[in-house]
Amino acid sequence: MNRGIKLVHDFLTQMDAYYSSPDTSFYDNAIERKFFEQKLRHIGFKPYPNDGLVTFGASGTNLCDRQLVFKNDKATRPEKSADIPFRGRQRRQGTAIVDYVQLDLLHMPKRLKGAESFRMAVRDNGEWDFEEAAQERRVFSHPHPETGELVSFAITAKPDGKFQYTPDGSRVIFEYKTKASGLRAMNGKLDYKGAQDDHQRQVIAESLVFGINEALIVYESTQKPSWFSDEESSSVTKGQKTWKEGAPLPDMRAFYVKITEQMQRELLDELARQSTLVYESRETGEVPDVSVEMTGKCGFCQFRGHCKITMTDGNLTKLQRAEVQMAKGSMAGKQTHRQVKAFIEEVAA
Ligand code: SF4
């Protein structure tokens, strides 16, 4: 078994052993109290040092160039607007699940009687090594990939956990993601593509901050299989069945990432390039043009309105030309084409 397969196997075995045990339906008072006391100690806003450097959150290293410039411009405020209510509930559900998975992980050494393979690491001050307690901001000076000039910027990271892998004592970054798309959709997508690209970028960024070069990215579906098998149930359509061949579909999947120096260098190259755009914009007031690729990142952007009203006629014309070409070729109707088309329509509205 190679190391990645072994770590994934050990983690899932540990999680299944814990959640199937009758001992896990209540919490240990001392562990639970310590967990919430640690959380309490870290409630509050902690600003970054005022050093003028671009600071990337580890989970936010995939912003479009323009979005990053807006984000780092003090005069441009993120737009806050009302959302569809279920999305708020879904966000809250995801946060709550991660909190309780962390609390469960802290119970595993006791409940599994030392048979656990992954243990939450403990910091020198006795706190568990996750979230705000683990948060670090590290400054990098990295050459711009084209000019070779050194560019300074920072990455800040607060992981869902840093594990100690008990068989050999090594450290492993832990990120936990919930999925509300349903069991079948989650498994289908993970089977096809593996861990999401942005989640892999997150653990690469975290590896740079913490100096740990292995990570587990774990997904949990908020839809669970039917309590009892629904395979024979005539009231459940084939596409909605949550059991297969006598077993429930997996509601938890884990992916191992071995972070190489090349992966780190590629990310640093990209962050150095983007940081330069921010520093240049501070001097010139200019913002990067919108490209076709960027329109794929608009879904969660908090500067959509500002982006559109500040768009130049020349930039819009370029996008329109690109869209016309796409409409005539093999890209017609594909996701990229739909995104750029929707963006142009919104600008024109
Ligand atoms: S709206 Fe889209 S193109 Fe504009 S800044 Fe946001 S992500 Fe980038």
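## Sheet and helix packing

Tyr219 has Arg253 of S10 as its bridge partner. Strands here are DSSP runs of E with at least two residues, helices are runs of H or I with at least four residues, and both are numbered from the N terminus. The model is predicted: local features need pLDDT of at least 70 and side-chain atom pairs count only at pLDDT 80 or more, while totals for chains, interfaces and linings use all residues. Residues are numbered from 1 along each chain as its sequence is written, and side-chain values use heavy atoms, leaving out hydrogens and water.

Strand S7 (residues 214-221) pairs with S10 in the antiparallel sense over seven bridges; pairing requires that DSSP finds at least two bridges between two strands. Five strands make up an open sheet with mixed pairing, in the order S2-S5-S6-S7-S10. Its edge strands, S2 (118-120) and S10 (252-258), each pair on one side only. From one strand to the next, the twist averages 35°. Angles run from 0 to 180 degrees between N-to-C directions, with axes fitted as lines to C-alpha atoms, for helices over the stretch in contact.

Helix H6 (residues 183-193) lies across strand S6 (170-179), S7 and S10, and runs at about 20° to S10.

Helix H10 (residues 313-328) and helix H11 (residues 335-348) have axes that come within 10 Å and cross at roughly 140°. H10 and H11 are therefore oblique to each other, the class left after roughly parallel (under 35 degrees), roughly antiparallel (over 145) and roughly perpendicular (65 to 115). On the H10 side the contact (heavy atoms within 4.5 Å) includes Leu316, Leu319 and Met326, and on the H11 side it includes Val340, Phe343 and Ile344. By class, the H10 contact with H11 has eight nonpolar, three polar and two charged residues. Nonpolar covers Ala, Val, Leu, Ile, Met, Phe, Trp, Tyr, Cys and Pro, charged covers Asp, Glu, Lys and Arg, and the others, Gly among them, are polar.

| Residue | Place | Relative accessible area |

Gln274 touches Phe56, Leu63, Cys64, Asp65 and Leu68, not counting residues up to four places away in sequence. Ala75 lies 39 Å from Gly194, C-alpha to C-alpha, at a sequence separation of 119 residues.
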